[in-house]
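Please read it alongside the sequence and the coordinates.

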Amino acid sequence: MIFDKNIDAAAGFFGIRNLAIWLIPAALLFGLYSCSSTSMLEGTVSYPIAALNEIETPTPDPRIGLRAGLFDAEEAIWNMNKLSTVLPPDDFIGSTNSDLAFKENYAIQGNYNGFIVWDISNPASPELVVDFLCPASQSDVSVYGDLLFVSGEGFEGRLDCGTEGVQETVSPDRLRGIRIFDISDIENPEYISNVQTCRGSHTHSVHEAPGDSENVYIYVSGSAPVRPAEELPGCIGVLPEDDPDTALFRIEVIQVPLANPENAAIVNSPRIFDDLTAPPTHGMSQADIDAAKEANLFIAEVHGEHHVLPSRLARQYLEQFVRERNGSGAPTAADSTRLQQLLPELIASRLADQEEHRTERGPNQCHDITLYPEIGLAGGACEGYGLLLDIEDPASPVRVDAVADSNFAYWHSATLSNDGSKILFTDEWGGGAQPKCRENDPMEWGANAIFTISDDNTMEFESYFKLPAAQTPQENCVAHNGSLIPIPGRDIMVQSWYQGGISVFDWTDPKNPVEIAYHDRGPVNPDRMQMGGSWSVYWYNGVLVSSEIARGLDIFELQPSPWLTENEIAAANTVQFGHLNAQGQPMITWEPSFVLAKAYLDQIQRDGGLTTEQIAIIRQQLFEAENASGAGQRGILADLSDRVDELASSSMQDKKMSLLSDVVRSL
């Protein structure tokens, strides 16, 4: 069952054909509207537009209590329309679907068993183009031209794409790094090269450097243990003071010559983590404490934080107690009681020992780096820190700022606003495989953190945003991958939350992010936590494409609402990409169009920038101009542009008014 509470636009038209309308009072204007005949009502569309602080969400939230199921789970949807769901090919069912990249009409979906290419030219009925079996987690994917890049970090990946894995600790057959495919014939991908790295490639980002038409650069984030030098010469896994060439505390930059991609190679290993200290951390949430108690685990509070004794250690202590009393067999209830009594002292001792040997250094690797080449900046989500990088020199990124936060457990990914004035980081608390959106989980943990970026490239915290609907203990849920939706004049993002589903939210005001659309399913399994949900969801050429970990590929479209109008959606859909890698964030631009002007006018109305009468008049003139041509059209637009400029001086939305004027003049 799909719950759909989209608010349909109510159509109404102002049938006024004369520029003398500027002189008509509001009361008379609406009197004309109310008694006009159908033939007169052909001017501008009138529909509900509401401010974000007036948002009305479905109550009770239909995401709560959805029926579980793998391919038949109950669904809830609001202000979106699901166009299609396609199941994975046979060789990929039961294997994790990962990230997405896009080229022309194709969506390329990573999977721990390789990658899948879908033709989404008809988003209501995607067609399988090829499923390429080539195991290696995570198989994150990116494209550029006729090249496909695929990450490999797991120990089972083979150079020959074999499915038998690699059993040996050291093997010349193991692939950990970047695979490169020629997809000029996308139905028959050709594996042409690979670049091996010391820690593999958990994720990667493609840097399309402005001014460099001969190369692309790949920033590699590898979080696995350093492989033996016997397997890959030069790999060293010690601290920097023990060997300055260590593979720790660095990222890798691969240069790919486009004329000869088979010659791709590492050209630099920047140490962007220098001088960072250990970040602050937080303890357990109440939901984790409750779950641990329900599972009869041993818990103690030490220095104000709760800690769970790992099962292996609990077993060792209990067996020790049995030996001390010269007993035999299984531990008794008395042994368990003794362990619980001694637990605070035991944990405090272990923590003190760990603190004595703990390094004060910060992270030694990034999880994900989002590159924004047009503004020369990148956001690095680097385990314990969020970094801002200068990437003007593509081979030599330089850290310009770093932020840490005790509410963040694992800085996972980043998205910059289109104008580069803000950055949003996600926290993958629990690693993505745990339920972290339960009712008793703090809203600041496992959330997004939004920062503004000053002129000197320093980041200042503004607010958190977390999925507002509580999820069950059977659903892995935490902030994950998403992208901007190109709504002009606003910062709107679509984001995956694993089994929390998909959320669309507005963060134009960085202090007050607001959810405006969503889709969710019930748990994969009704009885226990089983992996599933949206790994990543990105806007691409008018649709929202989601890689569902267990269920395949979902495609959605946005539906109009008072908080996102038909004009705003239509203006976004004028943006068309030839390819898209969300971690290689492109600058979004909008060609002048009547729908762009109407989208800005909708926003001015939403924000109270003009009176009702002024809005109605501008709508009418846009309608008249759009249906005119030649000198008549130019005259209407010139008059309208002058009028908008005049109104801008007294409007609280002068910047948006200026954008509207620019579009009208361009038209």
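Which residue just after helix 2 takes a positive phi? Asn296 does, with a phi of about 60 degrees. The structure is a predicted model, in which local features need pLDDT of at least 70 and side-chain atom pairs count only at pLDDT 80 or more, while totals for chains, interfaces and linings use all residues. Residues are numbered from 1 along each chain as its sequence is written, and side-chain values use heavy atoms, with hydrogens and water left out.

1. Helix 2 spans residues 286-294, and Ala287, Asp288, Ile289 and Ala292 are buried within it. Helices (H or I, at least four residues) and strands (E, at least two) are DSSP runs, numbered from the N terminus. Buried denotes under 20% relative accessible area, exposed over 50%, and partly exposed in between (1.4 Å probe, protein chains only). The buried residues of helix 2 pack against strand 16 (299-302) and strand 17 (305-308), where contact means heavy atoms within 4.5 Å.

2. Val308. This residue is placed in strand 17. Val308 counts as partly exposed because its relative accessibility is 29%. Leaving aside neighbours within four places in sequence, Val308 is in contact with Met284, Ala292, Leu297, Phe298 and Ile299. Val308 and Asp288 are 20 residues apart in sequence, and their C-alpha atoms are 9.5 Å apart in space.

3. Not counting residues up to four places away in sequence, Ser285 touches Trp429, Arg438, Asn440, Asp441, Pro442 and Trp445. Ser269, at 23% relative accessibility, counts as partly exposed.

4. Ser269 and Glu252. These two residues are 17 residues apart in sequence and 4.5 Å apart in space, C-alpha to C-alpha. Their side chains are joined by a polar contact of 2.5 Å. A polar contact is a pair of N or O atoms within 3.5 Å; within protein, one must be able to donate a hydrogen and the other to accept it, and residues adjacent in sequence count only if both atoms are side-chain atoms. With residues up to four places away in sequence not counted, Ser269 touches Arg250, Ile251 and Glu252.

5. Arg158. The loop between strand 9 (147-152) and strand 10 (177-182) contains Arg158. Its relative accessible area is 10%, so Arg158 is buried. A polar contact of 2.9 Å joins the side chain of Arg158 to that of Asp160. Residues up to four places away in sequence aside, Arg158 touches Pro135, Glu164, Gly165, Val166, Asp173, Leu175 and Arg179. The C-alpha atoms of Arg158 and Ala136 are separated by 7.6 Å, and the two residues lie 22 residues apart along the chain.

6. Asn476. This residue sits in the loop between strand 25 (459-465) and strand 26 (482-485). Asn476 is buried, with a relative accessible area of 0%. Its side chain reaches the backbone oxygen of Gly432 at 3.2 Å and the backbone oxygen of Gly532 at 3.2 Å.

7. Helix 7 and helix 8. Helix 7 (residues 612-626) packs with helix 8 (residues 630-648) at an angle of about 160 degrees, their axes 9 Å apart. Axes are lines fitted to C-alpha atoms, for helices over the stretch in contact, and angles run from 0 to 180 degrees between N-to-C directions. That angle makes helix 7 roughly antiparallel to helix 8 (under 35 degrees counts as roughly parallel, over 145 as roughly antiparallel, 65 to 115 as roughly perpendicular and the rest as oblique). Gln614, Ile618, Gln621, Leu622, Glu624, Ala625 and Glu626 in helix 7 meet Gln633, Ile636, Leu637, Asp639, Leu640, Val644 and Leu647 in helix 8. By class, this contact has eight nonpolar, three polar and three charged residues (Ala, Val, Leu, Ile, Met, Phe, Trp, Tyr, Cys and Pro count as nonpolar, Asp, Glu, Lys and Arg as charged, and the others, Gly among them, as polar).

8. Helix 6 and helix 9. Helix 6 (residues 594-606) and helix 9 (residues 654-666) pack at about 160 degrees, with axes 9 Å apart.
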